[in-house]
Structures are given as C-alpha cells and as structure tokens.
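These are my notebook entries on a single model. I record what I looked up, entry by entry.

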Amino acid sequence: YMVGSSTKAFTATLVGMMVDEGKMAWDEPAATHLPGFRLKDDGVNSKLTLRDLLCHRSGLATTDMAWSGGKASRSEVLAALGQAELKSPFRATFNYNNPMFLAAGTAAANAAGTDWDAMLKARILTPLGMISSTSSYEGLMAEPRTAKGYRWKEDEKSYEFVRARNLNNVAPCGAINSDVLQMSNWVRFQLGRGTFEGQELVKPATIEETWKKTITVAGGVDYGLGWFLRTETG
C-alpha cells in the first residue's frame with residue numbers, strides 16, 4: 001500500500017544522514033544544495049533553511065496545484081514555487097506544504113551526488129530489509145500484492161475501481177509503497193535511535209532532532225522534522 005506522508009520522515013532522515021557526514025547542516029540555506037531554487041519573496045530566500053523545508057513553516061500555502069496534475073517534472077514543480085505568494089509570514093505559522101519536502105529530498109540527493117529514489121533505496125530501504133518497498137508509481141503497479149481502492153457509486157449500487165495517484169513528481173513527500181512487516185523495520189529503526197540489527201545508519205542525536213518540536217500545529221499537536229508530535233495519556 002502507499003504509506004503516503006509517512007514518507008516525509010524518511011526524507012528528513014536522509015537529510016540527517018547528510019548532516020552526520022558534514023555535507024549538510026539543518027540551518028544552512030536550502031539553496032546551497034538547490035541551485036536556482038527560490039520563493040517569490042526575496043526577503044525569505046536568504047533565510048530559508050533545510051529545517052524550514054522539513055517543518056512546514058516557509059509561509060507558503062499547500063501549493064498542491066503545482067504537482068497534482070502529474071505532468072510537471074520535479075524541477076518544474078520546484079520552479080513553480082517561485083511564483084506563489086506567501087500565505088503567512090515566514091516561520092510564523094504551520095502551513096502544510098508537500099513541495100517543500102520535494103525540495104528537501106532533492107537537496108539531500110544533490111549533496112549525496114545521486115537522486116532521491118536511489119538514495120532512499122541505498123541508505124534506508126535496503127539496510128532495513130525493506131527489499132520490496134518502492135518509491136515510484138511503476139513500482140506500485142508492478143507489485144501483485146498492491147492493495148486496490150474502490151469508490152461506491154450510489155446510483156449504480158456498485159463499486160468503481162480507483163487507480164492509485166502517481167506521485168513520482170513529488171515523491172519525497174509521499175511516494176513510498178510498502179507493507180506492514182517492512183514498515184515495522186522502519187519503526188524498529190526509529191526505536192533504535194538510528195540503529196537497526198546492530199548497524200548504525202544515522203546518529204541517535206540526529207534521529208532525536210527530527211522528533212523535537214519545531215512549530216506548533218494546533219490542539220496539542222506540534223511538528224518536528226517530518227513528524228507530527230503529540231503526547232498521549234491514558
């Protein structure tokens with residue numbers, strides 16, 4: 001099945017791996033690893049950091065129209081952000097924004113000298129034994145175990161097959177396809193603070209950095225870097 005925006009935490013972890021290697025820093029300008037990347041507000045461009053990309057505080061609204069048609073390339077989606085007006089003052093408010101994670105994932109891949117999909121597979125999926133997990137629409141469609149979705153048509157009293165959405169052009173925000181057993185390895189990796197079956201893939205402090213509150217969402221919910229945060233009491 002598509003794990004959706006759980007993918008965002010994978011992207012934040014890839015950035016963290018580059019931080020561990022000294023190739024990136026959470027609070028350096030995002031444009032350092034994204035040549036030509038800019039928002040419409042020039043006053044924001046010099047301040048916009050990787051941390052800002054990973055916690056939805058850029059000031060942009062959702063801007064999903066930039067990618068949801070599926071025809072724009074990743075570079076075209078990023079370029080389109082430069083035409084969007086900010087919805088809120090920079091860093092003032094939580095505004096959920098998928099393309100910011102495309103930007104962060106692309107930046108991490110650039111720092112690693114590869115592309116996001118290859119980096120994800122080499123750095124996380126393969127080491128965690130998530131060998132049949134994929135990050136493309138084609139990979140989802142090729143998997144015979146893929147869950148199928150249906151829509152109820154009230155007039156006809158029947159179900160209509162609904163094809164999965166192609167997220168290739170914004171993959172770092174939500175394109176991972178996996179199953180429960182493989183995702184449990186991702187959970188074990190998180191609980192292990194970056195170590196899985198004796199192999200440290202990322203430093204404990206780096207994993208914990210993604211869990212720290214960066215901005216308030218609402219109603220007792222905060223956001224870290226790719227993670228919604230809430231304290232449950234029972």
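The model is predicted, so local features need pLDDT of at least 70 and side-chain atom pairs count only at pLDDT 80 or more, whereas totals for chains, interfaces and linings use all residues. Residues are numbered from 1 along each chain as its sequence is written, and side-chain values use heavy atoms, with hydrogens and water left out.

I looked up H33 and found it buried, because its relative accessibility is 12%. H33 sits in the loop between α1 and α2; helices are DSSP runs of H or I with at least four residues, strands are runs of E with at least two, and both are numbered from the N terminus. I then listed the contacts of H33 (heavy atoms within 4.5 Å). Apart from neighbours within four places in sequence, H33 is in contact with K23, M24, E28, A107, N110 and A111.

For polar contacts I required a pair of N or O atoms within 3.5 Å; within protein, one must be able to donate a hydrogen and the other to accept it, and residues adjacent in sequence count only if both atoms are side-chain atoms. The side chains of H33 and E28 are joined by such a contact, at 2.8 Å.

I turned to L34, which is placed in the loop between α1 (7-20) and α2 (42-45). L34 is buried, with 4% relative accessible area. With neighbours within four places in sequence set aside, I noted L78, A103, T106, A107 and N110 as its contacts. L34 and A107 are 73 residues apart along the chain, and their C-alpha atoms are separated by 5.6 Å.

**Entry: α1 against α5**

Two packed helices are described by the angle between their axes and the distance between the axes. I took axes as lines fitted to C-alpha atoms, for helices over the stretch in contact, with angles from 0 to 180 degrees between N-to-C directions. The axes of α1 and helix α5 (residues 98-112) come within 9 Å and cross at roughly 35 degrees. I recorded the contacting residues as K8, T11, L14, V15 and M18 in α1, and N98, F101, A104, G105, A108, A111 and A112 in α5. The residues of this contact of α1 with α5 comprise eight nonpolar, three polar and one charged. Here Ala, Val, Leu, Ile, Met, Phe, Trp, Tyr, Cys and Pro count as nonpolar, Asp, Glu, Lys and Arg as charged, and the others, Gly among them, as polar.

**Entry: H56**

I located H56 in the loop between α3 and α4. It is buried, at 1% relative accessible area. Not counting residues up to four places away in sequence, H56 touches K8, T93, F94, N95, Y96, N97, F101 and Y223. Its side chain makes a polar contact of 3.2 Å with the side chain of Y223.

**Entry: S88**

S88 is in the loop between α4 (74-80) and α5, and I found it buried at 11% relative accessibility. The side chains of S88 and N95 make a polar contact of 3.0 Å. Neighbours within four places aside, S88 is in contact with G59, T93 and N95.

**Entry: cysteines**

How many disulfides does a search of the whole structure find? I found zero, taking a disulfide as a pair of cysteine sulfur atoms within 2.5 Å. The closest cysteine sulfur to that of C55 is in C173, 16 Å away, and therefore too far for a bond. C55 is buried at 0% relative accessible area, and C173 is buried at 4%.

**Entry: positive phi**

I noted a positive phi near 50 degrees for T63, a residue other than glycine. T63 lies in the loop between α3 (50-53) and α4 and is buried at 18%. R193, also other than glycine, has a positive phi near 55 degrees. R193 is placed in the loop between α8 (180-191) and β3 (195-196) and is partly exposed, at 34%.

**Entry: T206**

T206 lies in helix α9 (residues 204-211) and is buried at 9%. Beyond neighbours within four places in sequence, I recorded G16, D20 and W26 as contacts of T206.

Terms used. Buried means under 20% relative accessible area, exposed over 50%, partly exposed in between (1.4 Å probe, protein chains only).
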